Amino acid sequence: MAAEQSPQAPATPSGDTRIHNIGYRSYDGPRLGRSYARMSLYSQSLRGAYGLGRSAKSKVLPMLLFVVMCVPAAIMVAVAVATKAKELPLDYTRYAIVMQAVISLYVASQAPQSVSRDLRFKTVPLYFSRPIETGDYVRAKYAALASALFILTAAPLLVLYVGALLAKLDFTDQTKGFAQGLVSVALLSLLFAGIGLVIASVTPRRGFGIAAVIAVLTISYGAVSTLQAIADVQGSGDVGILIGLFSPITLIDGVQSAYLGASSAFPGGVGPDRTEGILFVLVTLGLIVASHALLMRRYKKVGL
């Protein structure tokens, strides 16, 4: 007969083992709601557009482009002060047009950064599981990139304005030119932010988004400029002006030359008059509204 075995006693916990029953408690603090969530998303997206709160590598390109935008303005100011010039070498409204390649590169680098990661890692539905809604997300991202672009384009104008006052140029003329320049870059920021975000939202891959934004902004400007030059040579100036409706940069150029007293970069230096300028304003505002509508439609599908 097999020997009867006594049951083993249950193992006792060691002296370092503790069991804590903390349970689950509901949150009794303040609930800040949609407005706070929307503002937080805006501020984080704006900071991210300049690499703030991210790795040092993420700060290099946006900060470098910011410096590149401001350095020519600082050089112009230094020349104006040293030579005691009667006016600045470049008008406020012309500065962004001349530096449009830098602005396009900034949009191409930061628009995909703003939205592509959320699409790639499928975190957009997580945003919408909280009080935030589709419109809140779209408006926060749009406003953040537009604000970042406005900072990029308005900062060199501020450098020019301060330098002009230091050079003792006419205060009234400089203030008027500075205000016109701010209106111009504000419109440019809204237009470029909308186009960049719409293109970037199509693909979750950041590299494809960068290439697509660069292609749309630069190829459209190159094609329109070429066609305008051909029209000018053939004496079809009115046709050349209408061709300017098909590029974001020439759209802004047309609006400011018609209503902000700016000199035009169109071939021959002749931009749209006030009547033709109405069409440029309508197309510009239409693109801004359409960009918002397309983003809303896109993210309603993604958030399902």
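The model is a predicted one, in which local features require a pLDDT of at least 70 and side-chain atom pairs are counted only at pLDDT 80 or more, whereas totals for chains, interfaces and linings use all residues. Residues are numbered from 1 along each chain as its sequence is written, and side-chain values use heavy atoms, with hydrogens and water left out. Helices (H or I, at least four residues) and strands (E, at least two) are taken as DSSP runs and numbered from the N terminus.

Side chains of opposite charge can pair when their charged atoms come close. With a salt bridge defined as a side-chain nitrogen of Lys or Arg within 4 Å of a carboxyl oxygen of Asp or Glu, the count comes to five salt bridges. Among them, Arg34 and Asp136 meet through their side chains at 2.8 Å, N to O, and this pair links distant parts of the chain, with Arg34 in helix H1 and Asp136 in helix H6, 102 residues apart. Burial is assigned from relative accessible area (buried under 20%, exposed over 50%, partly exposed in between, with a 1.4 Å probe and protein chains only). On this scale Asp136 is buried, with a relative accessible area of 0%, whereas Arg34 is partly exposed at 33%. A salt bridge also joins the side chains of Arg38 and Asp136, at 2.6 Å, N to O; here too distant parts of the chain are linked, Arg38 lying in helix H1 and Asp136 in helix H6, 98 residues apart. Arg38 counts as partly exposed, at 27% relative accessibility. In the salt bridge between Arg139 and Asp136, the closest N and O atoms are 3.9 Å apart, and both residues lie in helix H6, three residues apart, about one turn of the helix. Arg139 is partly exposed, with 41% relative accessibility. Through shared partners, salt bridges join Arg34, Arg38, Glu133, Asp136 and Arg139 into one network.

Aromatic pairs were assigned to rings of Phe, Tyr and Trp (its six-membered ring) with centres within 6.5 Å, planes under 30 degrees apart counting as stacked, over 60 as edge-to-face and the rest as tilted. A search of the whole structure finds six aromatic pairs. One of them is the edge-to-face pair of Tyr50 and Phe66, at 6.2 Å centre to centre with 85° between the planes. Because Tyr50 lies in the loop between helix H1 (33-48) and helix H2 (56-83) and Phe66 lies in helix H2, this pair ties together parts that are 16 residues apart in sequence. Tyr50 is buried, with a relative accessible area of 7%, and Phe66 is partly exposed, at 25%. The rings of Tyr50 and Tyr106 have centres 5.6 Å apart and planes at 40°, so this pair is tilted. It links distant parts of the chain, with Tyr50 in the loop between H1 and H2 and Tyr106 in helix H4 (residues 100-120), 56 residues apart. Tyr106 is buried, as is Tyr50, and Tyr50, Phe66 and Tyr106 form one aromatic cluster.

Helix H2 gives the most to the nonpolar patch, with three residues. Ile214 is found in helix H8 (residues 206-233).

Gly277, Phe280, Thr284, Ile288, Ser291, Leu295, Met296 and Tyr299 are buried in H11. The buried residues of H11 pack against H4, helix H5 (124-128), helix H6 (134-166), helix H7 (171-200), helix H9 (237-243) and H10. Within helix H10 (residues 248-259) is found Gln256, which is buried, with a relative accessible area of 1%. Leaving aside its neighbours within four places in sequence, Gln256 is in contact (heavy atoms within 4.5 Å) with Thr93, Ile97, Ser184, Gly261 and Ala262.
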